[in-house]
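Let's take a friendly walk through a protein and its ligand.

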Amino acid sequence: MAETGKRRISVLGSTGSIGVNTLDVVNQLGGRDAFEVVAITGNANVALLAEQAKTSGAKLAVTADDAHYGSLKEALSGTGIEVAAGRQALIEAGARDADLVMAAIVGTAGLAPTLAAAKRGADIALANKECLVSAGELFVKAVAKGGGRLIPVDSEHSAIFQSLEDDQHHAVERIVLTASGGPFRTWTREQMAGVTADIARAHPNWSMGLKISIGSASMFNKALEMIEAKHLFDVAPDQIEVIVHPQSIIHSMVGYRDGSVLAQLGSPDMRTAIGYALTYPNRSKLDVQRLDFAKLARLDFEAPDEMRFPALRLARTALERGGVQGAVMNAAEEISFHAFCAGRIGFLNMADIAEQVMDDMAGYGVAMTMDEVFAADAEARRRADEIIAKKEMAA
Ligand code: NAD
Ligand code: MG
């Protein structure tokens, strides 16, 4: 806590979908009267970053890209807000003395700055699931060693976190991750083969950033979430289930050994999970849509289809193999996602490429250090790039 009694918060990735919603929640929870915004970070959207810095009264604004330093500096000249740019500056922003850091950068780019925050002892509100998928136990240990709490923001994991009873971990039988099924829930593989990124990004229920939207269409997002769940809740791979629930009202569930299932429900609005992470263990009033059960009328469920959505099968493989397979799957997925968005490969190629890189690197053991995680990540990226380049040559 700051001497003023205000909660000190930093938002890594403030200009993204989660970042914008986080600043909205900060405002709803009292804005400058309740929070001191220590640092915010963005990438190319300098205009939004500068506006957010001014409105929130942030002490520091960082753009990830050195090329945008000049324009950010100019946009904030005369405000007294400190400006910085580049990878190292992001890490320093993470390390600033906030009580809570919202980790909302997309992809592995968020790992180093979030780790810096964890090591310094901040509570981590974790949206950036790639941190856990990639660095797993090392990341969890870094947070524990720093002395902060790890509070999930991903809606499914927030739901599980809320449905877990204190001291009853031994009685947990299974955790059930719900999945909307995305825009291609009922599509055949033939239909999916030709889609573009613009078609794939149109999510039926949630409004989100590009990567997670495409990941919802391919169910790679759910694959990442299965691995995220393993590390957050310390459960065995066979205790993790996925169920397709097209309405996205039940955000996930915990099944106990007495047959009880506890669930958390809400509108598909990330601000509930963000608010919970910001006020945990308390709940504050939030202006989000209330559920109207009579209007909803029904909740549907169906088994996921791993033939049409092989990403789910890859997550099981990664969980069973252990080692650095999470980092490998995540890195290969990130590279193939960018290649898909650039029109270089087809929608179905993303899983093929991830699978091939995972198989090729199946012999890589557990990472003992973060450097080994970063090395496996880099090697998986190199291999994925190579496969994509070969595909292009052959086409
Ligand atoms: P987004 O693309 O909308 O925003 C990403 C943020 O990261 C932006 O601030 C952007 O400037 C920054 N960024 C992008 N590339 C960067 C780089 N190379 N270095 C530093 N910063 C960079 O993404 P999002 O949808 O807000 O998702 C953020 C994270 O939260 C992801 O890990 C995602 O899986 C997770 N998440 C998102 C949602 C959602 O509803 N959007 C839900 C659950 C989990
Ligand atoms: Mg989620």
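This is a predicted model: local features need pLDDT of at least 70, side-chain atom pairs count only at pLDDT 80 or more; totals for chains, interfaces and linings use all residues.

Begin with ligand 1, which is surrounded by 23 residues. The closest of these are T15, S17, I18, E130 and G209. Sorted by class, the shell holds eleven nonpolar residues, nine polar ones and three charged ones.

Now zoom in on the backbone around the ligand. For G13, a backbone N or O atom lies 3.2 Å from an oxygen atom of ligand 1. How much of the ligand does the protein bury? On its own, ligand 1 exposes 830 Å², and the protein buries 85% of that area.

Next, step back to the domains. The domain assignment gives domain 1 as residues 7–152 and domain 2 as residues 322–395. Taken over C-alpha atoms, their centres are 27 Å apart.

Where the two domains meet, ten residues of domain 1 are in contact with twelve residues of domain 2. The size of an interface is often expressed as the accessible area lost when the parts come together. Between domain 1 and domain 2, the buried area is about 830 Å², with carbon and sulfur atoms giving 67% of it. On the domain 1 side, T108, S134 and L138 lose the most area to domain 2, together 52% of what that side buries.

Which kinds of polar pairing turn up across this interface? Three residue pairs are in polar contact between domain 1 and domain 2, both partners having pLDDT of 80 or more. The count of salt bridges between the two domains is zero.

Definitions and conventions
Residues are numbered from 1 along each chain as its sequence is written. Chains are lettered from A and ligands numbered from 1 in the order in which they are written. Side-chain values use heavy atoms; hydrogens and water are left out. A residue is near a molecule or strand if one of its heavy atoms lies within 4 Å of it. A polar contact is a pair of N or O atoms within 3.5 Å; within protein, one must be able to donate a hydrogen and the other to accept it, and residues adjacent in sequence count only if both atoms are side-chain atoms. Accessible areas come from the Shrake-Rupley method with a 1.4 Å probe; for residues, only the protein chains shown count as cover. Ala, Val, Leu, Ile, Met, Phe, Trp, Tyr, Cys and Pro count as nonpolar, Asp, Glu, Lys and Arg as charged, and the others, Gly among them, as polar. Domain bounds come from an automatic or database domain assignment. Contact means heavy atoms within 4.5 Å. Buried area is the accessible area (1.4 Å probe) that two parts lose on being put together, summed over both. A salt bridge is a side-chain nitrogen of Lys or Arg within 4 Å of a carboxyl oxygen of Asp or Glu.
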